[in-house]
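Here is a short briefing to read with the model open beside you. Take it one topic at a time, and find each residue on the screen as you go.

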Amino acid sequence: MTETEIKKGLAGVVVDYTAVSKVNPDTNSLLYRGYPVQDLAAAKSFEEVALLLWTGELPTAGELAEFVKAERAGRALAPNVKAAIDLLPTNCHPMDVGRTAVSVIGANHALAEESSPAAELSKAKELFAAFPAVVAYDQRRRRGLEVVEPREDLDYSQNFLWMTFGEEAAPEVVDAFRVSMVLYAEHSFNASTFTARVITSTLSDLHSAVTGAIGALKGPLHGGANEAVMHTFHEIGIDKNESREDAAARAKTWMEEALAAKKKVMGFGHRVYKHGDSRVPTMKAALDKMIEHYGRGEMLGLYDGLEAAMDEAKAIKPNLDYPAGPTYHLMGFDTEMFTPIFIAARITGWTAHIMEQRASNALIRPLSAYNGPEQRAL
Ligand SMILES: CC(=O)SCCNC(=O)CCNC(=O)[C@H](O)C(C)(C)COP(=O)(O)OP(=O)(O)OC[C@H]1O[C@@H](n2cnc3c(N)ncnc32)[C@H](O)[C@@H]1OP(=O)(O)O
Ligand SMILES: O=C([O-])CC(=O)C(=O)O
């Protein structure tokens, strides 16, 4: 009998084609529709990147203006979305709130069961516009603060920060936030995108696919790692008055002990990149700007100390979640809100993949090798 070859975790398995993005671990690069992600992060708004991912091309000035107008007009949450959020306990995980909100937004949709390319694109655009208000609404209710309504005179990133904190963010902060959204937008067949494609492959609807993708993103081996990174920083202890060197030394000791105890340290390692994540240098530059902006050198100490100790012990490199976590912390978000921010960004990639899957569908249904008991009589 020939032994069936099992590819645990589908590691190394090529499942389908995609034209949305190319992750190349050999050149340590990431292209969105052919454009290097770091070039997009340097020069393009998140709104432009969203249109690129959905349509395959950067928008003309006219196309962008039309989208921006609709996006700004579509930011407010429907009353029953707010009511559904209000019914959830403030101590539930904010990812549960995001998952529930998308479900309600889907149930509200006039074209919920319609899956033509035009209907799918309009649903993707509407979800893109509305989701930041879910994050901001939830962040504020957890803090017992009044809801801040969206402003149409602000761009996506400015408005996201405005709705969350109730004040206009400094341009440097807005820019770092924009960069994070561009970098988080898309990453080929990662676990959450693959989940969205599996759900779509059954001919289910877009909001069901996004809701399922949120469930996959929540786990700390995937999107939940940005939150987990901050838990590590808190476990080590953050002391604003500590020197960078002292913070680095404490972080190094923490990492050595964690690795000696065979712990997995979130924010490090990647299934595809083995020599570092292509997005980290761009996100680290954004974090550096935030550290300078807020005058928080000790955070850099913690960051460097952990990274150096991991490199020395196991040569495992940070992934995007590692610099993103402390960046959102410095901006003022509660730790549990970090992965919902990731949802807001990844809605673009997920929905681009949902449309691609639908356009060339085959039910995704792999085989399993049975290793239970032989047939037996009752
Ligand atoms: C945006 C994103 O989703 S990026 C990913 C975010 N996830 C994380 O940061 C979670 C921490 N990292 C990990 O768990 C892993 O690196 C993964 C899940 C991302 C990739 O995992 P895989 O490709 O399955 O590799 P696997 O987990 O088998 O690791 C290979 C080896 O490296 C070790 N390793 C990998 N990552 C880490 C880590 N973060 N900390 C400690 N050891 C690690 C494993 O223990 C394993 O060692 P072993 O061979 O001695 O058993
Ligand atoms: O590609 C992956 O497996 C995880 C990841 O980095 C992402 O989804 O951004």
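Valine 182 touches Val37, Leu40, Ala41, Lys44, Phe46 and Val49, leaving out residues up to four places away in sequence; touching here means that the C-beta atoms, placed from the backbone, lie within 7 Å. Val182 is also, together with Val210, one of the residues with the most contacts inside the largest nonpolar core, which has 102 residues. Please keep in mind that this is a predicted model: local features need pLDDT of at least 70, side-chain atom pairs count only at pLDDT 80 or more, and totals for chains, interfaces and linings use all residues. Residues are numbered from 1 along each chain as its sequence is written, while chains are lettered from A and ligands numbered from 1 in the order in which they are written.

- A nonpolar core is a set of buried Ala, Val, Leu, Ile, Met, Phe, Trp, Tyr and Cys residues joined through C-beta atoms within 7 Å.
- A residue counts as buried if 20 or more other C-beta atoms lie within 10 Å of its own, with C-beta atoms placed from the backbone.
- The buried residues of H2 are Phe46, Glu47, Val49, Ala50, Leu51, Leu52, Leu53 and Trp54.

**The whole chain**

- The protein chain has 16 helices and three strands; these are DSSP runs numbered from the N terminus, with helices (H or I) of at least four residues and strands (E) of at least two.
- Its radius of gyration is 21 Å, close to the 21 Å that the globule rule gives for 378 residues, so the chain is as compact as a globular protein of that length.
- That radius is taken over C-alpha atoms, and the globule rule is 2.2 Å times the number of residues to the power 0.38.
- Of the 378 residues, 45% count as buried.

**Two domains**

- The domain assignment gives domain 1 (21-171 + 189-218 + 336-359) and domain 2 (225-331); such bounds come from an automatic or database assignment.
- Contact between the two involves 14 residues of domain 1 and 14 residues of domain 2.
- On the side of domain 1 that touches domain 2, strand S2 (29-32), helix H1 (37-43) and helix H16 (338-359) each supply at least two residues.
- H16 gives the most to that side, with four residues.

**Threonine 232**

- Threonine 232 lies in helix H11 (residues 225-236).
- This threonine is buried, with 22 other C-beta atoms within 10 Å.
- Apart from neighbours within four places in sequence, threonine 232 is in contact with Val265 and Met266.
- Threonine 232 and methionine 266 are 34 residues apart in sequence, yet 8.1 Å apart in space, C-alpha to C-alpha.

**The ligands**

- Around ligand 1 there are 18 residues, the closest being Ala225, Phe268, Gly269, Arg271 and Asn319; a residue belongs to such a shell if its C-beta atom, placed from the backbone, lies within 6 Å of the molecule.
- Ligand 2 is surrounded by His187, Asn190, His222, Arg271, Val272, Asn319 and Leu320.

Note on methods
Buried ≥ 20, exposed ≤ 12 C-beta atoms within 10 Å, placed from the backbone.
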